[in-house]
Amino acid sequence: MTQVVTILVGLALIGFILWWFFGKHEVSSAAATVTADRQAADVLVDGGYKPEVVTLKQGVPATLRFTRKDPSACLDRVVFPDWGINRPLAQDKVEEITIDTSKPGEYEWACGMDMFHGKVIIK
Amino acid sequence: MSTRTRFWLSLLLSLPMLVNMLLMPFGLHLPGGEWLQLVLTTLIMAFSAWPFVHTAWAAFKNHHANMDTLVAIGTLTAYLYSLYAMATGRAVFFESAAFVTTFVLLGQVFEERMRNNASDAVAKLGNLQAKEATVIRDGQPTRLPLSEVEVGDLIQVKPGEKIAVDGTIVAGQSAVNEAMVTGESMPVEKGVGDPVIGATINQTGTLQFKAEKVGDDTLLAQIMEMVRRAQNSHAPIQKLTDKVADIFVPVVLVLAILTFLVWNVLLKAPVATALIYAVAVVVIACPCALGLATPTALMVGTGRSARLGILIKNGEVLEEVNRLKTVAFDKTGTITTGQPAVTDVIGDCDRVLTLAAALEKSSEHPLATAIVAAAGDRDLPAVADFAAVAGKGVRGTVDGQPAWVGTAALAPHDLPEDLAEQSTQLMKAAKTVVLVDQGEEVLGLIAIQDQPKPTAAAAIANLKEQGLTPVMITGDNQAVAEAIARQVGIDRVVAGVLPGDKAATVKQLQQEGPVAFVGDGINDAPALSTADVGIAMGSGTDIAIDAGGIVLVKNDLRDVGLAIELSRKTFKRIKLNLFWAFVYNVIGIPIAAGLFVSLGLALSPELAGLAMAFSSLSVVTSSVLLNTTHLKGERKLAPAVA
């Protein structure tokens with residue numbers, strides 16, 4: 001009897017893991033707030049990025065403000081490979097990163113170990 | 001709390017348990033028993049391991065999982081089960097949670113240090129910059145911080161001082177050490193009119209130069225920007241690891257549950273034993289090694305090449321170099337110096353040269369420049385009635401007699417037979433022959449050639465050694481081109497190519513395999529961008545940084561081979577890193593799951609933790625070692641080349 005329960009619980013756990021990590025889930029995204037001639041967006045770094053997708057307007061100078069709440073070494077840097085940006089993120093401090101919005105497109109960012117990803121969409 | 005503090009705390013608190021474990025075979029126990037273990041491990045979990053749990057939970061809520069997830073689940077499972085076991089009077093394994101935390105943190109501490117090591121190339125370049133400059137303002141030398149130096153400023157540099165920004169010398173003469181920027185290890189002699197590069201060191205004399213590029217426009221600033229981009233770029237090979245990383249952690253969790261089920265249900269192992277195997281599986285799986293394999297090698301490889309004066313644009317270029325079959329060279333200015341020089345004088349050397357130089361002095365043709373240079377400081381006779389015949393030669397009156405320098409076709413007299421024969425010989429050797437004529441006779445011949453660079457032959461030999469086929473592309477006719485090619489050891493020549501058709505020629509070559517094109521970056525832009533890898537050669541401050549996938553800061557052809565060798569080595573290291581990272585998981589996970597227990601091969605969770613720490617550490621170490629890998633093409637002392 002215990003064995004049947006163990007198997008059922010185990011299989012249920014596997015099912016849950018597959019659904020939770022591989023199922024379709026909505027990605028948190030946000031547009032930047034635009035003021036007069038600037039736009040900015042806050043990104044919370046905690047077990048990943050929140051939002052994971054930031055939409056920016058083309059041609060308006062933009063700043064992304066990263067705040068790392070997460071103590072993990074995994075997220076202690078943010079890398080934008082397309083722009084050669086590799087910036088350390090101090091815990092609980094705001095790190096402002098200026099984004100070149102001259103060309104439209106999708107630009108990925110990642111943590112220093114390339115495990116967590118985010119994306120800037122310029123249009 | 002920093003990773004270091006967390007590690008030391010965890011180590012300190014684990015030590016009593018380690019001692020306990022070592023004493024166990026002798027029947028000795030530390031006082032306190034399970035209660036001591038409970039207290040120590042609880043402290044470790046609360047302070048050292050808590051950040052793992054925090055991240056794991058935060059990531060979980062975002063439907064993500066990473067290495068922290070694995071560590072958190074592994075240690076929490078061991079810890080919570082031990083609490084339950086203690087309450088129900090079963091055997092505990094608190095020490096597993098404690099040791100795994102300690103080992104993983106140990107790995108992270110080392111890894112952090114190595115990562116900083118790998119990425120400091122740009123910072124090192126930045127440190128080269130001069131902090132101040134002596135600017136002449138209102139006739140007075142004034143010390144100014146670098147940021148206040150403007151274009152057009154006159155700057156004075158004493159021996160031993162750093163040249164602050166890029167510019168051109170207006171007074172003085174000195175040897176300048178440019179090694180830090182160009183990788184050229186011999187000091188370069190400089191005088192009025194020569195360009196100087198910011199951050200290089202003036203050695204022997206006092207110089208005055210006019211600032212031409214400041215701030216972000218200087219060569220050093222551009223190099224730093226390029227290196228920064230290259231170091232953080234992605235190599236296409238990474239797409240594979242990105243894909244694996246996305247599914248890695250959840251798959252490992254599933255494997256761990258299956259491990260537990262198989263041991264507990266199928267093999268009837270006690271819950272504690274099955275749980276230990278499951279925890280070992282979770283702990284040994286290391287996605288970090290996979291994630292670090294490519295970026296760290298890329299960082300070290302591009303950083304080292306920058307120090308050698310070789311700028312590699314990004315990971316894509318690095319990967320492309322690996323596939324190259326052919327290296328095509330532009331002839332003029334790349335294989336040759338681009339400045340024709342007199343190679344032979346037939347006849348009375350002094351008389352022929354002075355007469356020719358006197359006539360050519362007023363001409364601006366490149367051949368004329370070569371003749372005038374060859375005459376050196378000989379006294380030149382006066383010329384009257386000077387006239388240039390476009391593309392053919394020049395004529396005038398010297399010492400009351402009509403004189404002519406130019407091609408044989410329009411010469412006033414026929415060549416005597418012996419001279420005619422020598423002329424044919426010289427032309428066969430791809431030299432341009434002009435004849436010098438005065439009064440009623442031909443005085444002699446001058447042979448001129450755009451000569452190969454002294455290092456060209458060595459550079460080509462190196463490429464052949466690496467299994468590449470060098471090809472020369474030129475606008476010259478086949479005979480001339482072949483003669484030059486023979487001198488440097490190139491077997492294949494595409495001659496008669498108009499400047500605008502170089503890109504098309506590269507395209508043709510591409511049908512046989514990936515092609516690199518080596519050119520000067522200013523005239524060769526289309527060919528550079530058509531080629532699979534464009535290698536732009538620079539000289540002095542005139543470097544077209546955007547022109548190629550690889551930019552050679554100094555105008556030394558041997559750097560082509562060195563750049564290719566270094567790129568290949570770096571890419572090989574990336575593949576090696578990835579191979580080990582994969583193999584490590586492929587072998588480690590089954591062992592941890594207890595698949596080989598019948599062979600006596602098993603891993604406790606703490607050993608798995610140690611192995612995990614070791615795997616990312618070994619990948620980063622392997623990347624950092626790229627800094628010291630032997631390179632055949634690297635030269636300790638490069639001869640000073642004009």
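Q: Let's start with chain B. Among contacts between residues at least 6 apart in sequence, what share joins residues at least 24 apart?
A: For chain B that's 69%. Keep in mind that this is a predicted model.

Q: OK, and how many helices and strands does chain B have?
A: There are 22 helices and 22 strands in chain B.

Q: What radius of gyration does chain B have, next to a compact globule of 642 residues?
A: Chain B comes out at 35 Å, while a compact globule of 642 residues would be near 26 Å. The C-alpha trace of chain B spans about 125 × 60 × 45 Å along its principal axes.

Q: And how much of chain B is buried?
A: Buried residues are 53% of the 642 in chain B. As for the surface, chain B exposes about 27,700 Å², with 59% of that supplied by carbon and sulfur atoms.

Q: Switching to charges: how far apart are the mean positions of the positive and negative ones in chain B?
A: They sit 11 Å apart, counting 49 positive and 60 negative charges in chain B. In chain A, with 13 positive and 15 negative side chains, the centres of the two sets lie 3 Å apart.

Q: Since you brought up chain A, what's its secondary structure?
A: Chain A has one helix and eleven strands.

Q: Is chain A compact or spread out, going by its radius of gyration?
A: Its radius of gyration is 18 Å, well over the 14 Å the globule rule gives for 123 residues, so chain A is more spread out than a compact globule. The C-alpha atoms of chain A fill a box of roughly 70 × 30 × 25 Å along the principal axes.

Q: What about burial and contacts in chain A?
A: Of its 123 residues, 47% count as buried. For contacts in chain A with a separation of 6 or more, 52% come from residues 24 or more positions apart.

Q: Which residues in chain A lose the most area to chain B?
A: Look at F21(A), M113(A) and M115(A). Together they make up 17% of what the chain A side buries.

Key: Residues are numbered from 1 along each chain as its sequence is written. Chains are lettered from A and ligands numbered from 1 in the order in which they are written. This is a predicted model: local features need pLDDT of at least 70, side-chain atom pairs count only at pLDDT 80 or more; totals for chains, interfaces and linings use all residues. Side-chain values use heavy atoms; hydrogens and water are left out. Helices (H or I, at least four residues) and strands (E, at least two) are DSSP runs, numbered from the N terminus. The radius of gyration is taken over C-alpha atoms; the globule rule is 2.2 Å times the number of residues to the power 0.38. Buried means under 20% relative accessible area, exposed over 50%, partly exposed in between (1.4 Å probe, protein chains only). Contact means heavy atoms within 4.5 Å. Accessible areas come from the Shrake-Rupley method with a 1.4 Å probe; for residues, only the protein chains shown count as cover. Lys and Arg count as positive and Asp and Glu as negative; His and the chain ends are not counted. The place of a charge is taken as NZ of Lys, CZ of Arg, CG of Asp or CD of Glu. Buried area is the accessible area (1.4 Å probe) that two parts lose on being put together, summed over both.
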